[in-house]
Amino acid sequence: MMKKKLSVEIEDQLILDILDGKYRPGDSLPFERDLATNLNIGRPTLREAIQRLERDGFVTVRKGKATVVNDFWKTGTLNILSKLASFGTHMSEEFIVHLLEFRVAIFPAMVFEAISDNAPLLVGSLAGIDRISDSPEAYANYDWKLQKSLASLSKNPLYTLLLNSFDAVYTSLAAQYFSTDRNRILSKKFYRELMEAAMKREADRGERVSRKMMKESVVLWKNTRIQKGGGI
């Protein structure tokens, strides 16, 4: 694997400092000279890292003044999703629940468009339901491939861009979700209902059963985490 550029390593370190609460929204970073000294790097390298943090909305650079840490949920761009996903171990339970709730909004829309415009291809993507190995990892991989397929079969390319941001972390989180028999059974039932809706080209039905399942998945995730002692 190619070694990260030093400025990228510094960018990642500063993001971790923000996620860990070392620097909170409204805090000022140390002045450039002091921060570069603390990190044992040159100021041009630090400046490059800070510029990327500003581009993504993590910080605001003020000429002649200290750089301020933003509330990135309010100032961030789509790049932040990818960055947060790359730090999977720092994804809070609250953030994961927010993602699941967001999926309630976009997943049914993807299903509706995929069935409306590309029902036969969706049927093909759903093939193999009964061949899924009864393991959390197998279900996680199948589920992620299905979501990526739905995104590609819908009209809106932003769906794919959004999902691409979570390639690095989704399957590991989904494996936790699919760690219980109940969640795997309910998901297989959902896949079959989705297959039937696609075969009959019933986009409204597909959208309806998808929204129901996505809402249930939020509750199921919380229950799974409680059972595993992870809290919510």
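1. A salt bridge here is a side-chain nitrogen of Lys or Arg within 4 Å of a carboxyl oxygen of Asp or Glu. Side chains of opposite charge can pair when their charged atoms come close. Glu 32 sits in helix α2 (residues 32-39) and Arg 43 in helix α3. These two residues are 11 apart and link distant parts of the chain. Helices (H or I, at least four residues) and strands (E, at least two) are DSSP runs, numbered from the N terminus.

2. A word on the source. This is a predicted model, where local features need pLDDT of at least 70, side-chain atom pairs count only at pLDDT 80 or more, and totals for chains, interfaces and linings use all residues. Residues are numbered from 1 along each chain as its sequence is written, and side-chain values use heavy atoms, with hydrogens and water left out.

3. How accessible are Glu 32 and Arg 43? Buried means under 20% relative accessible area, exposed over 50%, and partly exposed in between (1.4 Å probe, protein chains only). Glu 32 has 25%, so it is partly exposed. Arg 43 has 40% and is partly exposed.

4. How many salt bridges does a search of the whole structure find? The count is 20. Lys 5 and Glu 48 form one, with the closest N and O atoms 2.7 Å apart. Lys 5 lies in the segment before α1 (6-19), while Glu 48 belongs to helix α3 (residues 43-56). They stand 43 residues apart, so this pair links distant parts of the chain. Glu 48 counts as partly exposed because its relative accessibility is 25%.

5. Now look at Arg 55 and Asp 56. Their salt bridge brings the closest N and O atoms to 2.9 Å. Is Asp 56 buried or exposed? Asp 56 has a relative accessible area of 0%, so it is buried. Arg 55, at 48%, counts as partly exposed. Elsewhere, salt bridges with shared partners join Lys 4, Lys 5, Glu 11, Asp 12, Glu 48, Arg 52 and Lys 83 into one network.

6. Check the backbone at Asn 40. Its phi is near 60 degrees, a positive value in a residue other than glycine. Asn 40 is in the loop between α2 and α3. It counts as exposed because its relative accessibility is 71%.

7. Arg 201 also deserves a look. Its phi is positive, about 55 degrees, although Arg 201 is not a glycine. The residue lies in the loop between α10 (181-199) and α11 (203-227). With a relative accessible area of 55%, Arg 201 is exposed.
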